[in-house]
Amino acid sequence: MRNWLLLSLAFLMPTLLAADTPPEDQPSDEPPGIEASIPEPVKALGNPAMIEFPYGVKMAVTASSKEAQDHVLQGLNHLHGGWEFEASRHFAAAMRLDPECLLAHWGMVMSLLNPSPETGPARNAATDRLLMLVEAGKGSELERGYVYGLIKYINDGPKGAAAAFRKVAKKFPNELQANVFAALFSRGGYDPTGEPTPDQEAAEALLLKLIEEHPKSPLPLNALLFIRAEAPDLSGSLELARKLTRISPSYPPYFHLLGHYEWRSGEYARAASAFGRASDFYNTWINTNNASVADCPQWIKSECYRIVSIFSKGDFETAYVSAQRVASIELPADRPSSPGSRYLMWDAKTLPARLLISRGSKGSAAQAAKSLPSPDQVEAFRKHSLAYWWIDGLRFVIEAQRLIDAGDLDGAREVVAALTLHGESMTKTQNAAIASGERSSWMRSFRALEVLASEARGRLASAGPASLRSAAYNWFASAADRQQPEPMMFPPMILNPMPNRLGEYFLTTKEPEKAVEAYQRALKAFPNHTLSLLGLKMAYQAAGDAKGVSDIESRLKELRSN
């Protein structure tokens, strides 16, 4: 069984056994030691503190001491909360206390599933030790069922894991976690029209049933909000997100989740407050543990989303100053491949430029270009991350806009053509992104560049001869159709609703009624977004709709007062 599973891991996760593992760390007949199974960044911080998880995970843990059991339970709670790094610290503490604790090893492997150059060798060693413990018959029947679910995930994907955890739940009907994992692995997301798939509906129904049965537990509630996070309309679940933070009023992942729900519902002031709470909690964790942003990409994620929320409510100046501050954080020179360092490059270092091009005022393009990381900075980081593809793509987008603003349409066409070639070349790096653990950032950036390329072509057509301006509609429509909610509760890469461009187009063609429809479409996807409200106000003015203008002025006043 052990060799079969390792072959399965190698097939489905090629980096697990090769790409980030030195030859001396390859599996052998001699099991690796405990320390080899713990990532170096985890070792550097020492043992983690225990925190209170009201109504959190409760299960019998097979371990040699209560202290080891407590660390496993803490790790499980963090794992459900989505804070894998903190979970791995608790599982490491349990492994040291009891080298034969099956669930601690299972938790470590679960925490390290996403590949990373910093954690690959430890993930391999922890996997090898986990299999050794299974062969030795360690752990209870329930705990071995959890290992079976992990094996099925690695070998058969999410559906295999969902089926395995359903079997565990059937065998142990009072085991809440197994049902939650079954729902998480079986979720199907939403189709292109925004409707939940049958698998998604079934997963949500199961979690709603669990919430009814366990009204005080954060586990099924957090899981439901997690799998719903990409739905077209989150306003109906907003109160549930607020309830989650009342259950655990000092847990940063829950406040980040709340911020996402507030932002997607158009409650930008509340979103900024929730992200600010998450950011403060993460910052306290960094200082208390003598850690750095390299260890806590969640802080960068929450802080970037907080800044986006401030911008969305119309306060560009405050957002821009905050974005400059975050972008000025130096990359940890000793850990260039850490999740925090990479997220700095993908999101934080590009945020000032993205704010500027979203505002779109005169001179913004030149200022945005200067705000991006310098070529020397990008070159020094090139071998540690694929973020340079996103940064270089933004340079093309910004340069095209600068040339259009300057009236150099021929030059702009050349830059847009280069942007297209850049995107074609970037597609060839997708496998490398998967192997290096940057798939999410790569995918978000690639899709954003597709949207921005369509927008640039639309702007180019709009600035050209009158006979060609009708093509602008098709390009702006393409940009609007391509813009989708970000996955995994990431802040948006593109900060301006693309239907706004359609509204602007219809205003130039003297079709205010169609402009109104375009801005209303933008507000359906991005409720209360200031740029869309301002555009809708202009459309109502052009249409002679005084009541519409008055309503929008009231909404803008309320938005700015919050």
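Colleague: Which residues does S322 touch, not counting residues up to four places away in sequence?

Modeller: This is a predicted model, in which local features need pLDDT of at least 70 and side-chain atom pairs count only at pLDDT 80 or more, while totals for chains, interfaces and linings use all residues. Residues are numbered from 1 along each chain as its sequence is written, and side-chain values use heavy atoms, with hydrogens and water left out. S322 is found in helix α15, where helices are DSSP runs of H or I with at least four residues, numbered from the N terminus, and its relative accessible area of 10% makes S322 buried (under 20% relative accessible area is buried, over 50% exposed and anything in between partly exposed, with a 1.4 Å probe and protein chains only). Taking contact as heavy atoms within 4.5 Å, the residues that S322 touches are R306 and I307.

Colleague: What covers the buried residues of α16?

Modeller: Seven of the eight residues of helix α16 (residues 339-346) are buried, so this helix is largely enclosed by the rest of the structure. Those buried residues are G340, S341, R342, Y343, L344, M345 and W346. Their cover includes α14 (297-312), α15 (316-327), α19 (375-381), α20 (387-406), α22 (430-436) and α23 (439-463).

Colleague: How are α3 and α4 oriented to each other, parallel or antiparallel?

Modeller: Helix α3 (residues 66-81) and helix α4 (residues 84-97) pack with their axes 8 Å apart and at an angle of about 160 degrees, the axes being lines fitted to C-alpha atoms over the stretch in contact and the angles running from 0 to 180 degrees between N-to-C directions. Angles under 35 degrees count as roughly parallel, over 145 as roughly antiparallel, 65 to 115 as roughly perpendicular and the rest as oblique. The two helices, α3 and α4, are therefore roughly antiparallel.

Colleague: Which residues of α23 make the contact with α21?

Modeller: The axes of helix α21 (residues 409-426) and α23 come within 10 Å and cross at roughly 160 degrees, and the two helices are therefore roughly antiparallel to each other. From α21 the contact takes L409, A412, R413, V416, A417, L419, T420, H422, G423 and M426. From α23 it takes W442, S445, F446, L449, A453, A456, R457, L460 and A463.

Colleague: Is K510 buried or exposed?

Modeller: Phi of K510 is near 60 degrees, a positive value in a residue other than glycine. Most residues other than glycine have a negative phi. K510 lies in the loop between α25 and α26 (512-525), and at 72% relative accessibility K510 counts as exposed.

Colleague: And what is the relative accessible area of M489?

Modeller: M489 also is not a glycine and has a positive phi of about 60 degrees. Its place is in the loop between α24 (470-482) and α25 (499-508). M489 is buried, with a relative accessible area of 9%.
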